Amino acid sequence: MNTELLLQLLVNGVIVGMLYGVVAMCFVLIYKSTQVVNFAQGEFLVLGGWVCLSLVVQMGLPFILAFIFTLVFMAIFGILVQQIILRPLIGEPIISVIMVTIGLSIFMQSLMNWIFGNDAKRFPDIFGSLSVITIGGLNVETAYVMSLVLSLLIMAVFYFFFRFTRHGLAMRATAFNQQIAQSLGISVKQTFAMAWAISALVSGVAGVVMGIVSAVSNSLAFVGIKVFPAVIVGGLDSIVGAVVGGLIIGVLENLAEFADGEYLHIGNLYTIAPFYVLIVILMIKPYGLFGTKDIERI
Amino acid sequence: MGHVPNPRPAGDFRTSYIDDASLFKTRFEGRAAVAIVVALAVAAPFLSNYMLSQMILIGIYSIAALGLNILVGITGQISLGHGAFFGFGAFASAWIVNSFGIPAIIAIPLAGVLTTAIGMIFGVPAARIKGLYLAIATLASQFILEDFFARADWFSGGVYGSLAARPSIFGFALDTDLRYFFLVLFWTVVSVVAVTNLLRSRDGRALVAVRDHYLSAEIMGVNLTKYRILSFGISSFFAGLAGALFGHYLEFVSVEGFTILLSIQFLAMIIIGGLGSVYGTILGVIFVLLLPQVMEMAATSAADLVPALASGKAYIKEMSVGAAIILFLIFEPEGLIHRWRVIRASWKLFPFAR
């Protein structure tokens, strides 16, 4: 057994899993507070990556400025999507809400391919991100370490925001019960807009990070699909569950790759294993590890 | 949404339950349906090759979309894996013909039966979960099936795809588009009649009850598990049948053709046409098939004014489908068939309707 490779893959799994966790958190945030399933989460990610990249490469802005501009842009974009596309569908059946975000994802995908091109593009090497550091005998690229730190930072900010700020409390109240929240003077409209803004913003950050780690391309949108196994494993309405689910899926992917490469030789198990897990979880524990079980009253 | 009256001609009373469950609501509707089919059959030899190929595709996609409409529009389930079932039908038919030497004309419905079995297996989660969870489960089945197509060399020829020869009846080869059109027309008519018939049967009413209020349905004695899985089975049958027709039409089945985008396209067809409506489905199929072509023509003709459009034609085609889904859901959530009903009502109620 190739222990070194296994360890290396496990570390990769944790780092990628943390990023999945961040994106899954954004997904859960929208679902929890507005009951919308966002199939376009992956496109949000790609959009963030592209905007930041073209600001750096084409406009020649310094990275930090481009990054801040990307954050502002993504927040405004999230609010606009919520206002224009999702507000008219409040109260419509779930199939309509699912389909509208799927329509949005197709639209964004082809529009971005048109504007930014089909090829993967790399960020200029700003952080020396390709240099390799050795931790405990394992080789890890600096970019991966940076992504890990940033993921942890985002999670900490999320925790702080929901636990200690007024808006966070308002969002938790809205997620719990919209009518009660409204009668207590919380603006549900504002809360919805904020949920989308935060979610788009953080997805944008994840997109930039993934762009630095690998490259920006439309294939990053596949993270938006990987998020589904993660949130189902963790439970659709649990932020903690999203992080744990993301970690599990990230590690599982890499374990699948290890098993595949060393023993099974099936090929491509890496991409498909999370979906088998997804089906199994749905069969035995549909509300995931941390999700609230729906109790239906007649 | 305002209620749209669905007026019947004066003096047309239903005096028995059999009348009420008739296949066509009025005698005129029945005659019109027959007239359209006859007109299509008569006109087919005079159509250009392009028109003919479009008609064949409309027929094939209509069968598949009808299947999806049973699942989504009638039973209220969600499937994001219909494209994969469509693909399974295409591969299954080619596999049956190539491995067992069964004539393609028989293999096509057989492929539908095989796909039914697969659909019911993947529909098992539907017994326990619904709504969003089901959507995600079917999304997983899409990817698992796609992976299976690429992997199972014995079944699909793997990455090389498999050949699917045109069928023949009693030595009469359906090797031209015109001859194949009649086969597709036959199966389309059979499917439309079968689905319309299903809707007026006991099982059809049970499916509607599951959609409208599944708890009440269960209390009234409808077996939820049975009907949910049954609805997956029926919908997969039509997907498989249409897929088989598609495979034998192209004479070659390749792995790349049945992605999640195809599944989304099927959903777009039934949402744009009208959920739960048989004729709406066909309208939706025509709309979704023609929209990208119309957009391409528009982009080509506008390219003289805005040169940037010329390079973006392919993207505009894709974007138009996404935009159509969004716009229909926001402005006309009941689909094209609703528009048609409004027009018909204002015609019949003239001068009293708006």
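B:D147 is buried, at 8% relative accessible area. This is a predicted model. B:D147 pairs with B:R151 in a salt bridge, and their closest N and O atoms lie 2.8 Å apart. The two residues are four apart in helix α6 of chain B, so about one helical turn separates them. B:R151 is partly exposed, with a relative accessibility of 27%.

On the side of chain B that touches chain A, α6(B) gives the most, with twelve residues.

## The interface of chains A and B

How many residues does each chain bring to the contact? Chain B brings 45 residues and chain A brings 45 residues. Between them the chains bury about 4000 Å². Carbon and sulfur atoms give 81% of that area. Salt bridges across the interface of chain B and chain A number zero. Polar contacts are counted for two residue pairs, both at pLDDT 80 or more.

Several helices of chain B each supply at least two residues to the side that touches chain A. They are α6 (131–151), α10 (214–219), α12 (260–273), α14 (308–311) and α15 (313–331). By class, this side of chain B has 36 nonpolar residues, four polar and five charged.

## Two domains in chain B

Twelve residues of domain 1 are in contact with eight residues of domain 2. The two domains bury about 880 Å² between them, with 77% of it on carbon and sulfur atoms. Which three residues supply more than any other three of the area that domain 1 buries against domain 2? They are B:Q54, B:I58 and B:V192, which supply 44% of it.

On the domain 1 side, the elements giving two or more residues are α3 (49–74) and α8 (177–199) of chain B. α3(B) gives the most, with eight residues. The domain 1 side divides into eight nonpolar residues, four polar and no charged.

B:T196 is found in helix α8 of chain B. B:T196 is buried, at 15% relative accessibility. Leaving out residues up to four places away in sequence, B:T196 touches B:L23 and B:V278.

Over all chains, the count comes to eight salt bridges. One of them joins the side chains of B:E251 and B:R166, at 3.8 Å from N to O. This pair links distant parts of the chain, 85 residues apart. B:E251 sits in the loop between α11 and β4 of chain B, and B:R166 in the loop between β1 (162–163) and β2 (168–169) of chain B. Is B:R166 buried or exposed? B:R166 is buried, at 16% relative accessibility. B:E251 is partly exposed, at 39%. A network of salt bridges links B:R166, B:D177 and B:E251.

Another salt bridge joins B:E332 and B:R339, with the closest N and O atoms 2.7 Å apart. B:E332 is buried, at 14% relative accessibility. B:R339 is partly exposed, with a relative accessible area of 43%.

Most residues other than glycine have a negative phi. B:E251 is not a glycine, yet its phi is positive, at about 65°. Its loop lies between α11 (224–250) and β4 (252–253) of chain B.

A:Q35 also has a positive phi, near 55°, in a residue other than glycine. A:Q35 lies in the loop between α1 (3–34) and α2 (41–57) of chain A. Its relative accessibility is 43%, so A:Q35 counts as partly exposed.

## A buried asparagine in chain A

A:N254 is found in helix α10 (residues 239–264) of chain A. A:N254 counts as buried because its relative accessibility is 5%. The side chain of A:N254 reaches the backbone oxygen of A:G250 at 3.0 Å. Not counting residues up to four places away in sequence, A:N254 touches A:L9, A:N12, A:G13 and A:Y270.

How values were computed. Residues are numbered from 1 along each chain as its sequence is written. Chains are lettered from A and ligands numbered from 1 in the order in which they are written. This is a predicted model: local features need pLDDT of at least 70, side-chain atom pairs count only at pLDDT 80 or more; totals for chains, interfaces and linings use all residues. Side-chain values use heavy atoms; hydrogens and water are left out. Contact means heavy atoms within 4.5 Å. Buried area is the accessible area (1.4 Å probe) that two parts lose on being put together, summed over both. Ala, Val, Leu, Ile, Met, Phe, Trp, Tyr, Cys and Pro count as nonpolar, Asp, Glu, Lys and Arg as charged, and the others, Gly among them, as polar. Buried means under 20% relative accessible area, exposed over 50%, partly exposed in between (1.4 Å probe, protein chains only). A salt bridge is a side-chain nitrogen of Lys or Arg within 4 Å of a carboxyl oxygen of Asp or Glu. A polar contact is a pair of N or O atoms within 3.5 Å; within protein, one must be able to donate a hydrogen and the other to accept it, and residues adjacent in sequence count only if both atoms are side-chain atoms.
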